[in-house]
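Take a look at the model below.

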Amino acid sequence: TNAYEFILTSTPRPGVGQITLNRPKALNALSTPLMKELNSALSAFEASPEIGAVVLTGSERAFAAGADIKEMKDLTFPEAYGKDFIKLWSDITNISKPIVAAVNGHALGGGCELAMMADILYCGPKANFGQPEIKLGIIPGAGGSQRLTRAVGKSKAMEIVLTGKNFSGAEAEQWGLASKVFETPEACVEGALDTAETIAGYGRLAVKAAKEVVNQAYETSLHEGVKYERRIFHALFATQDQKIGMTAFANKQKPEWKNE
Ligand code: CAA
């Protein structure tokens, strides 16, 4: 059952929701209707108690070739600013469940930015990243200049954003932007599903807290971040899952999480 036109959704593993961008004619260009569907699928997985983690992927040829250039072509400043064009793209960053991106093929412009909004980034052998906006007379508009710089440092980010030159999955992995490169596109998606299934097998509250504290590292000083972490760490002693997890360890048993 698929209620969407530009994406496919499924639950291929216990606790795992998968979203596959599926607009092959435009190499998954991220039109506003597609982004609305993506947000709606993400909210549905976020709301579902069955789901513990999400995998976001595209096709073998393209994760996503960017924002839809044909949609943007005639956009005026009053329209772009007035309607806050592209703001709805950041909705994905408000999802509290972990998102694993499996990138095969092109991840350009907004496609690269979308991949960088995921929590864990995996690549296939032909992953092709880049921020080619400069070639269109614009700049990255969905966080690329910020997330890329934090991930790979100023010189590489400047080089990528100013030249519009692409980079490979192997480079993304070497620079710390991605965590793994797989040998085939299928292995990349399977690897993302494996990781999502592992995460979905843990207590939901601890998973939510873990994502929250890692993200906090981007927002605060080390001192404040460590304090923030410790507060959340303490808070988890108020959950049943902490008692369940530690008791199971002491009794050499497998924990049965209650997500409470
Ligand atoms: N928007 C709209 N349509 C796109 C698109 C995009 N970003 N990318 C590809 N398409 C369309 C093509 O127009 C083409 O459609 P037609 O068959 O109707 O002509 C179809 O997808 C297939 O593409 P190509 O024929 O170009 O395929 P290719 O294999 O020769 O090239 C490519 C692949 C190198 C990715 C090339 O399509 C390309 O350069 N795409 C644009 C990449 C880009 O500039 N992305 C950044 C967009 S700006 C942005 O994202 C702003 C932001 O920061 C949010």
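The paragraphs below take these topics in turn.

This is a predicted model, with residues numbered from 1 along each chain as its sequence is written. Local features need pLDDT of at least 70, side-chain atom pairs count only at pLDDT 80 or more, totals for chains, interfaces and linings use all residues, and side-chain values use heavy atoms, with hydrogens and water left out.

Start with the empty space. Rolling a probe the size of a water molecule over the atoms shows where such space is left. On a 1 Å grid over the protein atoms alone, a pocket is an open set of points where a 1.4 Å probe fits, with protein on both sides within 12 Å along at least five of seven lines. Lining residues have an atom within 4 Å of a point. Grid points are joined across faces, edges and corners, and a volume is the space filled by probe spheres set on the points.

The largest pocket holds about 890 Å³. Its lining counts 27 residues, and Met 116, Ala 118, Asp 119, Asn 215 and Tyr 218 lie nearest the centre. Two or more lining residues come from each of α4 (110-117), β7 (120-123), α5 (144-152) and α9 (204-216). Helices (H or I, at least four residues) and strands (E, at least two) are DSSP runs, numbered from the N terminus. α9 gives the largest share, five residues.

Ala, Val, Leu, Ile, Met, Phe, Trp, Tyr, Cys and Pro count as nonpolar; Asp, Glu, Lys and Arg count as charged; the others, Gly among them, are polar.

The second largest pocket has a volume of about 540 Å³. It is lined by 31 residues, with Ala 67, Ile 69, Met 72, Leu 136 and Ile 138 nearest its centre. α2 gives the most, three residues. The lining splits into 20 nonpolar, four polar and seven charged residues.

Now the sheet. Four strands form an open sheet in the order β4-β6-β8-β9, with mixed pairing. Its edge strands, β4 (62-64) and β9 (167-168), each pair on one side only. Two strands pair if DSSP finds at least two bridges between them. β6 (residues 106-108) and β8 (residues 128-130) pair in the parallel sense over three bridges. His 106 stands opposite Asn 128 in β8.

Next, the loop between β2 (16-21) and α1 (32-47), which holds Leu 27. Asn 28 lies in that loop too. Leu 27 has a positive phi near 50°, and Asn 28 has one of about 60° although it is not a glycine. Are these residues buried or exposed? Leu 27 is partly exposed, with a relative accessible area of 22%. Asn 28 is buried, at 2%. Buried means under 20% relative accessible area, exposed over 50%, partly exposed in between (1.4 Å probe, protein chains only).

Last, the cysteines. The structure holds zero disulfides (a disulfide is a pair of cysteine sulfur atoms within 2.5 Å). Cys 112 is buried, at 0% relative accessibility. Cys 123 is buried as well, at 0%.
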